[in-house]
Amino acid sequence: MKSIKIAIVGNPNVGKSTLFNVLTDSDQHVGNYPGVTVERKEGCVDYADYRMNIVDLPGIYSMNAFSPEEIVSRRFIAEESPDIIVNIVDASNLEKNLYLTLQILEMRVPVIIFLNMIDSANRSGLDVSAILLEREVETPVVEGVARNKGVKELLFEKCVEVFENKPDLTTVPYSETVRKYISKIKGILSKNHSEFAKDWIAIRFVEGSASERESLDSCTLDKIDSLISEISAVSGHKIHSMIMVQERYSLIKNIIRKTCSRSSVTTENLSSKIDKVLLHDRFSLPIFLMTLFLIFQLVFTVGKPMEWLLTKIFEKFGIFTGSMWADGSDSFLKDLIVNGIIGGVGGILIFAPYIFLIFMAISVLEDSGYMSRVAVIMDKWMGKIGLSGKSFMPMVLGFGCTVPAIMGARIVENKYERLATIMVIPFMSCGARLPVYLLIISAFIPFKFQALALLMIYSTGVLFAAVSAKIMRLTIFKGEENPLIIELPSYSRPSFRTILKLTWERGRHFLEKAGTIILFASMILWFLNTYPKINTDDYNGLPNNKIAQMQAENSFAGRTGHFVEPIFKIFGADWKIASSFIASLAAKELFVSQMSILNAVSHNDDDSEVLQRKFKEDYSLPTAVAVILFILLSAPCVATFAAVRFETNSWFWPSVQYIGMITIAYVSAVTGFFFLKMFF
Amino acid sequence: MFLSDLKSGERQVIKSINAGIRLFNRLASMGICEGTEFNLIKNNVGGPVIIEINGSKFAIGRSMAEKILIGKIDL
């Protein structure tokens, strides 16, 4: 069986993911927000005697290597040389789509153009002739509607034909002037490059997007640069790439003139009407904030009973598992499984409903097309802290869980802005920190002010995020200016299937984390809390929780708590809090579990009041506030560290973030403590 | 006149774009370049300017819009 490697390339929102799903029979999410497919997705399907390996590359407008998406795509085509590129284009907007097509054709890879959404083009009064287009661009064209039946066979048939017959590759017919400069630059390039590579690199230089600069010596570069300034001088354009842009668009205009005809003019569509309201000068922000508020409200209303149910399930499951051993058994394995694994992992899995619900809400916003409007609405405000509207959504995601938020920051193209966004996201208070606040707030704040207190905590986090983003953008992440430029897709009714699919795809990461990092950390924490063991026989007659407390104090975690206590004593914290801080380094919510153990409170719903009372007896209000500040601002959890490490591809940035946040948290906690001390 | 100053929706054309090559190329790949005709959809105070080109809508950050010179279409 022969295998054919096919890459799907196209602009955002032209139906790339739909086509991929149809070709691979999978049910991948179809994005209605620019930049949904950041990583490439791969699928494999057999057709006739061929194995089709299909890669869905991210949606891009050009091969300029400006954004991460473009870099991924350009690298894939250059390095993994697919057999065929299926370039999907939106029939109703060829002008914009063909720009990328021309760049792909320059890459000298067999191309098949898939003319998508031909139906909606026709409906809007535009006739596009696939036959004429095929003749004009000298490239096979398949027309259709991606989601319709038969497209798969049609495209695969064409792929096989192209693969077997290997037709001549098209050369983009640039003008005399451009060709002259391309061959001049080719002449300068060393003999190491193949003829095709030289062509490609030369064009990149003329259009000003050569990422090959580093690989060339300064002498060659000087020669090329002087040629390029010659282009500017000759063409009279301030920016030399204009010559290329002009060439391409005049070629495209020519193609469109010969292949398209407009029979009627469309009137204003529904999307524009919706935008009149949702992007209204004065109402857009209130509408958006209201939406956000409703989402949080909904997430917590629906999530609460689910959390309760899961808590009960894990409790019963723990008891059931424990009953496999004989009564009163102190088997190492039993303790590890029941308390370490089920207790630890279960204690975190109970937050899964919140995380899934937040992702679901985000998916609805995305699939409906509202998400890109959010970037527009928030751009003005984000500009004040040196970021663009695109950074806003990842930051809001941070209220749910920091890990997906950091992954979501990929939609920010500019490297410096993306880094700044990633660095400040952990300040956005994630769901895992909520149990800690709830414990302390319920202990100190009267019921009617609790919501307000919670709002103040979240706002403090946002404030720290904003200020640090601004500072970083003014200092280490200066970078060039990167204004928001975003396409606003038409609104569409979100599909239930898509929402579920997307929610699952994202939420899955949380479950994976629970199965890996959290499982591992829980076992370690359990060990640190359990060993070295005290001899329980010495304490016969003492109540069980008293023994557990002494055990905890004697354990590694307890001893470490004692050891670091002096650092935290300054704001009135003791070894229990110190030890719980250490536990919270694995995952923030572990602070509560650790406090329960150290205070000899069994961690049950009914007993949470006991812990609250204890907290109020042992600590003052200034200390409580300092603890909240420390939990809110200090080092992100292990999973976040791993995510930042992965996303920045460096150990440096996550380390800076880690140490920086601990420092900021400590200073803030101490400052907060002494400030409040003046009043209480 | 700059795109950021445009207040009402008469069809206009982009005269020149005063940006670095990266931004220039990026705009160009989206079909926003010298000679492009567009309709203004929205220009809210302080926010991005939203324009429509060939049926696609784009939001352009204000700082960028301040560097795009526009004018009436020459007939």
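What follows is a chat about a predicted model with a chain A and a chain B.

Me: How many residues of chain A and chain B are in contact?

Reply: In this predicted model, 40 residues of chain A are in contact with 34 residues of chain B.

Me: And what is the area buried between chain A and chain B?

Reply: The area buried between the chains is about 3,300 Å², and carbon and sulfur atoms give 56% of it. On the chain A side, A:F66, A:I239 and A:I485 supply 20% of the area that chain A buries against chain B, which is more than any other three residues supply.

Me: Which side chains meet in a salt bridge there?

Reply: The rule finds one salt bridge across the interface of chain A and chain B, and in it the side chains of A:D275 and B:K57 meet at 3.0 Å, N to O. As for polar contacts, the count between the two chains is 15 residue pairs, with both residues at pLDDT 80 or more.

Me: Which elements of chain A supply at least two residues of the side that touches chain B?

Reply: Those elements are α3 (94–106), α10 (242–259), α11 (270–278), α15 (370–383) and β9 (485–488) of chain A. Sorted by class, the side of chain A that touches chain B has 14 nonpolar, eleven polar and 15 charged residues.

Me: Which strand of chain B does β9(A) pair with?

Reply: The partner is strand β4 of chain B, residues 56–60, and the two pair in the antiparallel sense over four bridges. Within that pairing, A:I486 stands opposite B:A59.

Me: What order do the strands of that open sheet have?

Reply: The six strands have the order β9(A)-β4(B)-β3(B)-β2(B)-β1(B)-β5(B), with antiparallel pairing, and the sheet is open. At the edges stand β9 of chain A and β5 (68–72) of chain B, each with a single partner strand, so one side of each is left without a neighbour in the sheet. On average, neighbouring strands of this sheet are turned by 40° against each other, direction ignored.

Me: How many bridges join β1 of chain B to β5(B)?

Reply: Five bridges join strand β1 of chain B, residues 12–17, to β5(B), and the two run antiparallel. Here B:I17 has B:I68 in β5(B) as its bridge partner.

Me: Changing topic, what order do the strands have in the open sheet of chain A?

Reply: That open sheet has six strands in the order β2-β3-β1-β4-β5-β7 of chain A, and the pairing is mixed. Its edge strands are β2 and β7 (141–143), each of which pairs on one side only, and neighbouring strands are turned by 25° against each other on average, direction ignored. Strand β5 (residues 111–116) of chain A pairs with β7(A) in the parallel sense over three bridges, and A:F114 stands opposite A:V142 there.

Me: Which strands does helix α2 of chain A touch as it packs on the sheet?

Reply: Helix α2, residues 68–80, touches β1 (2–10), β3 and β4 (84–90) of chain A, and its direction makes about 155° with that of β1(A). Another helix, α3(A), lies across β1, β4 and β5 of chain A and runs at about 165° to β4(A).

Me: One more thing about the backbone: which residues does a cis peptide bond join?

Reply: A cis peptide bond joins A:Y531 and A:P532, with omega about -10°, and A:P532 lies in the loop between α21 (496–530) and α22 (544–554) of chain A. In another loop, between β2 (41–47) and β3 (50–56) of chain A, lies A:A48, which has a positive phi of about 50° although this residue is not a glycine.

Definitions and conventions
Residues are numbered from 1 along each chain as its sequence is written. Chains are lettered from A and ligands numbered from 1 in the order in which they are written. This is a predicted model: local features need pLDDT of at least 70, side-chain atom pairs count only at pLDDT 80 or more; totals for chains, interfaces and linings use all residues. Side-chain values use heavy atoms; hydrogens and water are left out. Contact means heavy atoms within 4.5 Å. Buried area is the accessible area (1.4 Å probe) that two parts lose on being put together, summed over both. A salt bridge is a side-chain nitrogen of Lys or Arg within 4 Å of a carboxyl oxygen of Asp or Glu. A polar contact is a pair of N or O atoms within 3.5 Å; within protein, one must be able to donate a hydrogen and the other to accept it, and residues adjacent in sequence count only if both atoms are side-chain atoms. Ala, Val, Leu, Ile, Met, Phe, Trp, Tyr, Cys and Pro count as nonpolar, Asp, Glu, Lys and Arg as charged, and the others, Gly among them, as polar. Two strands pair if DSSP finds at least two bridges between them. Axes are lines fitted to C-alpha atoms, for helices over the stretch in contact, and angles run from 0 to 180 degrees between N-to-C directions.
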